[in-house]
Amino acid sequence: MGDNLLYVFAGFPRSGLNAGGLQHAIERAEELAILEHKPEIRITKEDHGRVIISDRCKADGIDWPWFLERAAFGNGVTIHGTEARYSDNEVAHDLFGPEGWAEYEKRWTPGTCPQEDHVVHLTWLITRTPLPSAVYERVRELIEEGAPAEPRGAYEDKHFSEIRQWRAP
Amino acid sequence: MTEIIPRIHAGSAHHAGSHKAANHSDQLATGAELTELTDSSETTLHSHVASGAVTREGGDTTEHTTTSTSAVDLSSITSLNIGALVPLHVSLRSRKTSGAADDADIGLKINSTSVFTPATNVGLLHYTTNNQAEELAVDFGIGARLTNYTFPISSYRLRPRISSSGAAASGTDDGPLGTYTNTFPLVAITSFILEGIVGNGSITLAVDEWHLYSRAVS
């Protein structure tokens, strides 16, 4: 891992920024930090010594031991999805994004929730140097607080993913 | 989401068309007991398991993306218990953005064992090195895993499409591409992880609307 650091945040940007868009925001649009892109850099679970997990992740029960054995975090920026059991991880309702807990809960037959698996989204990025607190906070706002990607003219369409709400089939 | 196929078929017409008395192990039963089969209630004489029953084991209907130039876990299903002899089906959509003249690939980990570590020209999905947005739709099967049968991914055609036009991005390859990193584990599948990699950090690789299904074997 060298001097690289892994930052893990809860959820994904509600602005729709995808990994490339978030990277563009950090490295170009807002010039917040320099990310690590060297192909030989591949952060794995063995590199937990230089990992910063957001308070929101920790409040949701997502800490370092939570990740799979031999999990691979790569480099650059990744927006990842996995399934977790609510009862094991006590994942907070806030992770369910724009549809909200009430809508999400309607998916299940009464009596089965909250024992079902559900999708957990995590955004992580690998930097070359530690993020100053103000920079960390701005990155966290972009990912966890739904801060808009501004100015919009600084971004291309390819920097965004479509945000879709779950609809009953 | 799990699709449940009713185990007991209701309706006398169905039963009348599907059975002969000689096929029943209860052929010494009385006519009254055989008549019970025509209603929808459970009986101890026999019950049907619908053939071709399919269960959605998991998947993801949110786009997940990466700019990593080394293999990264992109999307995971981690609460599985699928027997080694259970055949599977995967339906997957993916795309890469423009940004650099380089490729992108998607690989696979089973139970934390990488069966296809994505790399240049290696993976379940592979894009061209042209600097353009491309997309792929892939459906493939994974057969039973057992001794002497450890490379179970069925063949399929890989042909990225240029996102702006729909034209074929390159010649057709047969997937999966390249050499298996490891054989499939011959134990129950507990986690199924799509890995991703891009050749240049200016490219974004995405997976979306992917689903893992298992098929009943009896």
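In chain B of this predicted model, 76% of the contacts between residues at least 6 apart in sequence join residues at least 24 apart. The secondary structure of this chain comprises 2 helices and 13 strands. Chain B has 218 residues, and 47% of them count as buried.

We can turn next to the meeting of the two chains. Chain A brings 36 residues to the contact, and chain B brings 39 residues. The size of an interface is often given as the accessible area lost when the parts come together. Between chain A and chain B, that buried area is about 2600 Å², with 39% of it coming from carbon and sulfur atoms. On the side of chain A, the residues that lose the most area to chain B are A:E83, A:K158 and A:R164, which together account for 21% of what that side buries.

Between chain A and chain B, 26 residue pairs are in polar contact, counting pairs in which both residues have pLDDT 80 or more. Several elements of chain A each supply at least two residues to the side that touches chain B: helix 1 (19–29), strand 4 (72–74), strand 5 (77–85) and strand 6 (117–127). Strand 5 of chain A gives the most, with 8 residues. Sorted by class, the side of chain A that touches chain B holds 13 nonpolar, 13 polar and 10 charged residues. As for salt bridges, the rule finds 1 across the interface of chain A and chain B. A salt bridge joins A:R42 to B:E195, where the closest N and O atoms are 3.0 Å apart.

Over all chains, the model holds 13 aromatic pairs. A pair of aromatic rings is described by the distance of the centres and the angle of the planes. For A:F67 and A:F73, the ring centres are 5.3 Å apart and the planes stand at 80 degrees; planes over 60 degrees apart count as edge-to-face, so this pair is edge-to-face. A:F67 and A:F73 are both buried. These two residues also belong to a cluster, in which ring pairs link them with A:W64, A:W66 and A:W124.

Technical notes
Residues numbered from 1 in each chain as written. Chains lettered and ligands numbered in written order. Predicted model: local features only at pLDDT ≥ 70, side-chain atom pairs only at ≥ 80, totals over all residues. Heavy atoms only, no water. Contact = heavy atoms within 4.5 Å. Buried area = accessible area lost by both parts, 1.4 Å probe. Salt bridge = Lys/Arg side-chain N within 4 Å of Asp/Glu carboxyl O. Polar contact = N/O pair within 3.5 Å; in protein donor to acceptor, adjacent residues only side chain to side chain. Helix = DSSP H or I, 4+ residues; strand = E, 2+ residues; numbered from the N terminus. Nonpolar A, V, L, I, M, F, W, Y, C, P; charged D, E, K, R; others polar. Phe/Tyr/Trp six-rings, centres within 6.5 Å; stacked < 30°, edge-to-face > 60°. Buried < 20%, exposed > 50% of the residue type's maximum accessible area, 1.4 Å probe, protein only.
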